[in-house]
Amino acid sequence: GQTFDTALAQGRRAYELDRKHVFHSWSAQAKIDPMTIVAAQGSYVWDGEGNRLLDFSSQMVNTNIGHQHPKVVAAIAEQAATLCTIAPPHVNAARSEAARLIAERTPGDLNRVFFTNGGADAVEHAVRMARLHTGRYKVLSRYRSYHGGTDTAINLTGDPRRWPNDYGTSGAVHFDGPFLYRSAFHAFDEQQECQRALEHLDRLIAMEGPTTIAAIILESVPGTAGIMVPPAGYLAGVREICDRYGIVYIADEVMAGFGRTGEWFAVNHFDVTPDLITFAKGVNSGYVPLGGVAISEAIAATFADRPYPGGLTYSGHPLATAAAVATINAMEDEQIVQNAARIGADVLGPGLRDLAARHPSVGEVRGLGVFWAIELVADPATREPLAPYGGTSAAMNEVVGACKTNGLLPFVNFNRIHAAPPCTVGDDEVREGLAILDTALSVADRHVVH
Ligand code: PLP
């Protein structure tokens with residue numbers, strides 16, 4: 001209709017202005033051709049030409065509740081009409097209620113919540129708390145990980161985005177985590193991979209000096225780095241190592257948390273209680289920027305009589321926390337976390353495994369809930385990736401292009417296509433996405449050497 005035509009015209013104008021005035025993240029400014037999105041609803045977005053795309057990216061794995069959920073939109077409008085902003089020292093009703101709802105869903109005694117503006121600053125503050133709690137400086141993290149774009153967070157990040165940001169002063173030390181398909185330990189099965197990964201971590205700690213290490217930060221299921229679901233026993237093993245050396249265990253659940261894996265938090269699959277959990281994204285589906293740190297009683301007690309030296313103007317912002325309250329309540333009322341678990345177990349997981357069996361370009365599919373990666377290879381025998389680690393390739397661009405042409409917007413990283421629809425996604429929508437992936441993977445198959 002007319003409003004849609006207006007939206008398209010606005011989209012064209014927006015693109016022109018974007019190319020003139022907007023400075024984009026992680027990009028060579030002159031070499032990009034960003035996609036315009038003019039509207040979104042549920043599991044779909046509409047691009048600048050009016051094409052409908054199934055959103056298997058969830059906008060950086062973020063809109064767990066889907067686009068434009070009416071209860072969340074209404075809660076933001078209602079809060080805006082009442083009280084748009086208030087400084088963090090004052091009690092505010094939305095923040096108090098959001099903190100309660102989050103604390104009730106975190107495991108163990110992580111009963112206190114510090115709110116931030118997003119994931120990276122949640123990581124910054126979790127690390128600061130761990131350092132002050134232990135009086136130590138170093139922080140260990142996985143090579144294959146992403147923890148955010150700010151200074152400490154990007155240096156903890158294991159992927160190549162760290163390289164140009166590393167000045168050697170961050171105190172970050174990296175280790176290899178379990179990833180059987182590309183095992184750093186020459187392991188034959190998950191159990192051996194798990195055992196060797198834990199031995200490697202233990203040895204690294206011995207060599208670095210246990211009394212110098214404040215924290216281990218670990219994505220419970222690494223997201224951007226490839227959705228490597230940890231083998232049974234790995235996270236419990238990390239917990240045991242942390243306990244042995246007095247190291248703080250930070251679970252980064254910015255991407256995996258709030259229903260994405262089919263549990264409120266991914267650690268719940270493994271019966272493990274970290275000392276700190278960082279979260280963002282799914283906490284309110286990104287409708288208003290929000291992140292935070294859930295804090296154990298022991299770490300909170302460190303700052304009972306001594307001030308915590310940190311804060312943010314927008315910590316617990318009313319619009320953001322009102323959106324979190326509405327999101328969590330809607331997820332509970334509409335059984336959205338259960339839907340993510342069921343979709344993963346019954347529709348998306350089996351569908352992706354079927355694609356893996358039929359397409360030689362698929363080295364492996366991995367995931368749980370609505371959190372899956374398709375690992376594309378140029379050679380199934382050597383497992384040579386379809387794009388190099390840290391880079392892109394013409395072949396990958398062609399595959400991603402085929403997804404978009406056929407109406408699917410995936411999350412893409414190096415040689416991987418991730419299937420991460422909203423937790424609210426329906427069975428038919430998933431089948432539609434699988435059919436488009438089937439077509440796109442046929443394009444990938446043409447690049448396979450054997
Ligand atoms: N941690 C993890 C696991 C993430 O996936 C991300 C973002 O993708 C971040 C931290 C950083 O979050 P933000 O981009 O909100 O700063």
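Which residues in α3 meet which residues in α10? Keep that in mind while you set up the view. The model is predicted.

**Stop 1: the two domains.** Color residues 35–68 and 335–445 as domain 1. Color 70–333 as domain 2. The C-alpha centres of the two domains lie 25 Å apart.

**Stop 2: where the domains touch.** Stay with both domains on screen. Domain 1 gives 29 residues to the contact, and domain 2 gives 28. Now select the elements on the domain 1 side. Pick α2 (58–61), α11 (336–358), β11 (362–368), β12 (371–379) and β15 (416–419); each supplies at least two residues of the side that touches domain 2. Color that side by residue class. It has 12 nonpolar, 12 polar and five charged residues.

**Stop 3: a helix pair.** Select residues 70–82 for α3 and residues 318–333 for α10. Two packed helices are described by the angle between their axes and the distance between the axes. Here the angle is about 150°, and the axes are 8 Å apart. Angles over 145 degrees count as roughly antiparallel, so α3 and α10 are roughly antiparallel to each other. Their crossing is right-handed.

**Stop 4: the side chains of the pair.** Now for the opening question. On α3, show Lys71, Val72, Ala75, Ile76, Gln79 and Ala80. They meet Pro318, Leu319, Ala322, Ala323, Val325, Ala326, Thr327 and Ala330 in α10. Color this contact by class as well. The α3–α10 contact divides into 11 nonpolar residues, two polar and one charged.

Technical notes. Residues numbered from 1 in each chain as written. Predicted model: local features only at pLDDT ≥ 70, side-chain atom pairs only at ≥ 80, totals over all residues. Domains from an automatic or database assignment. Contact = placed C-beta atoms within 7 Å. Helix = DSSP H or I, 4+ residues; strand = E, 2+ residues; numbered from the N terminus. Nonpolar A, V, L, I, M, F, W, Y, C, P; charged D, E, K, R; others polar. Axes fitted to C-alpha atoms, helices over the stretch in contact; angles between N-to-C directions. Parallel < 35°, antiparallel > 145°, perpendicular 65-115°, else oblique. Left-handed = near helix turned anticlockwise from the far one by under 90°.
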